Amino acid sequence: MSADAGPVKAAEERLAGMSRARRIASLFMLHLPGTDEGALRSFVADTQPGGMIFMPDNIGAGLADVASLARHAGGDEDLPPLIGIDQEGGRVRRIADDRFASAVTLRHRDPEETREAFAARSALLAEAGISVNFGVVADVTDDPGSFMNDRVLGTTAAEAAERVSAAVTGESGRVFSTLKHFPGHGRTPGDSHSSIPETAVDLATWEETDAAPFRSGILAGADFVMMGHLRYSTVDDQPATLSRACHVILRERLGFEGVIITDDMLMLGDSGVPEYRDAAENAVRALAAGATMLLYVLRGDPEQVRTDAARLVEAVSDAVDAGRLSMEHVDAAALTLLTLRARLAEPRGIS
């Protein structure tokens, strides 16, 4: 019997007993502002998301506070929700206790130091109850004016690829590793938090350059790849998050079999592009493109930010009824995520 047989069986049994709404809800990683443990516990119990992401407003005074909040999010002992965080080190770190080396210095040092830094970083996250780190930047740029400049692990594809592989290896067995931002934010000028950065690089050039760190991270065993809100115009006129072509490239050309998660979907609306104003419609389009999991950093009043969890689930369910989205894809994605969650409940955990 394979090591994953137990989690797979547990996931299959849970899936069989879930309603359509619960299956769809399990595809979302959501955010609830604040450090109120009771509010978080109630939100997770009512919404049943596949995961929660901790942002700066969730981080208390110390590591024990984060761990306590994570425990209150994980009320389901058999299949606890995934708990994600952006912990790259350096400029992008949610937990201040992380004083380990970050990309700005690691890219000038031996790759073994990258492995050591991410091993220490992921051990800290595991202690805090975090199971998914959105922390391995696989983008490449040598442009000092780039939004990604101080976050990349290499200024050439070869340098980045070596260190991305080392980072994933360092995190292995402690947290689920994520490569970001596919197909590569370093290639695109601008900031995807407030625009849809675009490049006209051809696919052959991309394969020889920006693809290399993602490929090496996948070979090292990365569990997640985060799709960026980036338009590669020679591939598709839609950002990668909503592009079927980009998902196919990741699956078929790079051979990735794990979880494809979106970047925060509310960023699409923040771009100011009218086509992406409807956050629920974007959820449908991302799943139809091939996403496994949808990340929504919900903030403030749902009426002001255009969405809430119930509306998101309802929109996806309506899309299934309309034939825009297959229930087979929903079920396959749900099973993948439930299996990861079942692994968290195993004595051996993530390893």
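**Figure 1. The largest nonpolar core comprises 75 residues, and Phe 28, Phe 54 and Tyr 296 have the most contacts inside it.** Helix H15 (residues 327-345) gives the most to this core, with eight residues. Apart from it lies another core, of 29 residues, including Ala 103, Leu 153, Val 201 and Leu 254. A nonpolar core is a set of buried Ala, Val, Leu, Ile, Met, Phe, Trp, Tyr and Cys residues joined through side-chain atoms within 4.5 Å; buried means under 20% relative accessible area, exposed over 50% and partly exposed in between (1.4 Å probe, protein chains only). Helices (H or I, at least four residues) and strands (E, at least two) are DSSP runs, numbered from the N terminus. The model is predicted: local features need pLDDT of at least 70, side-chain atom pairs count only at pLDDT 80 or more, and totals for chains, interfaces and linings use all residues. Residues are numbered from 1 along each chain as its sequence is written, and side-chain values use heavy atoms, with hydrogens and water left out.

**Figure 2. Surroundings of Phe 28.** Leaving aside residues up to four places away in sequence, Phe 28 touches Pro 49, Gly 50, Gly 51, Ala 283, Met 293, Leu 294, Tyr 296, Leu 312, Val 313 and Val 316. Contact means heavy atoms within 4.5 Å.

**Figure 3. Helix H3 (residues 37-47) and its buried residues.** Leu 40, Phe 43, Val 44 and Thr 47 are the buried residues of H3. Seen down the axis of H3, these buried residues fall within an arc of 95°, so they line one face of the helix; the arc is that of the directions from the helix axis to the C-beta atoms. They pack against helix H2 (20-25), strand S1 (28-30), strand S2 (51-54), H4 and helix H14 (309-321). Asp 46 also has its place in H3, but Asp 46 is exposed, with a relative accessible area of 59%. Asp 46 and Ala 310 lie 264 residues apart in sequence and 9.9 Å apart in space, C-alpha to C-alpha.

**Figure 4. The largest pocket holds about 330 Å³ of space.** On a 1 Å grid over the protein atoms alone, a cavity is a set of points where a 1.4 Å probe fits but cannot get out, and a pocket is an open set with protein on both sides within 12 Å along at least five of seven lines; lining residues have an atom within 4 Å of a point. Grid points are joined across faces, edges and corners, and a volume is the space filled by probe spheres set on the points. Of the 22 lining residues, Met 55, Asp 86, Arg 94, His 193 and Asp 263 are the closest to the centre of the largest pocket. Strand S5 (92-93), strand S7 (176-182) and helix H11 (266-270) are the elements that give two or more residues to this lining. By class, the lining has nine nonpolar, two polar and 11 charged residues; Ala, Val, Leu, Ile, Met, Phe, Trp, Tyr, Cys and Pro count as nonpolar, Asp, Glu, Lys and Arg as charged, and the others, Gly among them, as polar.

**Figure 5. The largest cavity contains about 50 Å³ of space.** Its lining consists of Phe 182, Pro 183, Leu 203, Trp 206, Tyr 232, Val 235, Cys 246 and Ile 249. Helix H8 (203-208) and helix H10 (244-253) are the elements that give two or more residues to this lining. The lining residues divide into eight nonpolar, no polar and no charged.
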